[in-house]
Amino acid sequence: MSRKPYAGNVEIFKARTSKMFAWICWAVAVFGVVVTLMAAGPRALPGTTPLLFIAFLGWLLFWRPVVVVRDSGVALENPYRTIDVPWDALVQVDTRYALTLVTPSKKYPAWAAPAPGIWGGRNARPEHLKGLPGTTYGPGNSVRPGDLKNTDSGAAAVLVRTRWQDLVEAGRVEPGRAEDASVTVAVGWFRIAATVALAAASYWAVFL
C-alpha cells in the first residue's frame, strides 16, 4: 500500500500479485523485442506490435487498478473506468466476487481487489479472522472467505470499512443519505482507444 501520488489522508490498495503479473508482462514484451531485433534487425520492429500490446495490458489490467480510500469517499481505479463513491452514498461493502461498493441502487466492483478462489479460505489463520471492522461479521461472527485479511478483497475491505466506521462513529457520515447521482464515473476513452488500436495492429501484424 502506498500514499503517493495522492495528497491528504489517503490509503491506496494494490494487490501484490497484480504487480507481479505486470512485471511478467513487461519482461515478456522486452524479451520478445530484444530477440526479434537480434534475429531480424530493426526492419522487424513492426511485427512486435503484439508484444507492445502485452506490455500495455500489463499496465492496464494489473498495474493501474487500485482502490483509493479518502476522507471524502472511495475511488475505484478500474481499467476503463474511475468510480468515485462518496461515503454518504455507501450502504454496504460486499466481497462475494470482489470488493464491491453498494449504493442504494447500484453496485461497483473493484478490479484491483478480487475475491479469493475456491482455495482462498484454506490458507486462513485465526489472526485473519480477528480485529476486523464490525460490519464484516455475519451471524455467529461468521466471515466470508472474501473478507479474510490475507485475501485481496479482504485487505481492501478492511481499509474501506475501517475508515467508513470511523467516520460514521464521528458523526461525519450518514450511510445511504446521498443519492446515486453523487457517484461519479469517468470513462477512460483514451485507454479504450489505445486498446482497440493496439489490438487491431496486433491482428494486422500476425495475420496479414
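These legends go with close-up views of a predicted model.

View 1. The unreviewed UniProt entry marks residues 20–39, 45–63 and 181–206 as "transmembrane region". Residues 20–39 come out as 100% helix, with the end C-alpha atoms 28 Å apart. For residues 45–63, the helix share is 79% and the end C-alpha atoms sit 25 Å apart.

View 2. Trp 23, Trp 26 and Trp 63 make up one aromatic cluster. Of the six aromatic pairs in the structure, one is Trp 23 with Trp 63, edge-to-face at 6.3 Å centre to centre and 85° between the planes. Trp 23 belongs to helix H1 (residues 16–40) and Trp 63 to helix H2 (residues 49–63), so this pair ties together parts 40 residues apart in sequence. Trp 23 is exposed at 53% relative accessible area, while Trp 63 is partly exposed at 30%. Lys 14 lies over the face of Trp 63, 5.0 Å from the ring centre.

**View 3. An aromatic pair within helix H4.** Tyr 203 and Phe 207 form a tilted pair, 4.9 Å centre to centre with 40° between the planes. They are four residues apart in helix H4 (residues 189–207), so about one helical turn separates them. Tyr 203 is partly exposed at 49%, and Phe 207 is exposed at 58%.

**View 4. A three-stranded open sheet.** The strands run in the order S5-S6-S7 with antiparallel pairing. Strand S5 (92–94) and strand S7 (107–114) are the edges, each pairing on one side only. Neighbouring strands are turned by 20° on average, direction ignored. S6 (residues 98–102) joins S7 over four bridges, and Ala 98 stands opposite Pro 114 in S7.

Note on methods:
Residues numbered from 1 in each chain as written. Predicted model: local features only at pLDDT ≥ 70, side-chain atom pairs only at ≥ 80, totals over all residues. Heavy atoms only, no water. UniProt positions renumbered as here; feature names shortened; annotations may be inferred. Helix = DSSP H or I, 4+ residues; strand = E, 2+ residues; numbered from the N terminus. Pairing = 2+ DSSP bridges. Axes fitted to C-alpha atoms, helices over the stretch in contact; angles between N-to-C directions. Phe/Tyr/Trp six-rings, centres within 6.5 Å; stacked < 30°, edge-to-face > 60°. Buried < 20%, exposed > 50% of the residue type's maximum accessible area, 1.4 Å probe, protein only. Lys NZ or Arg CZ within 6 Å of the ring centre and 35° of its normal.
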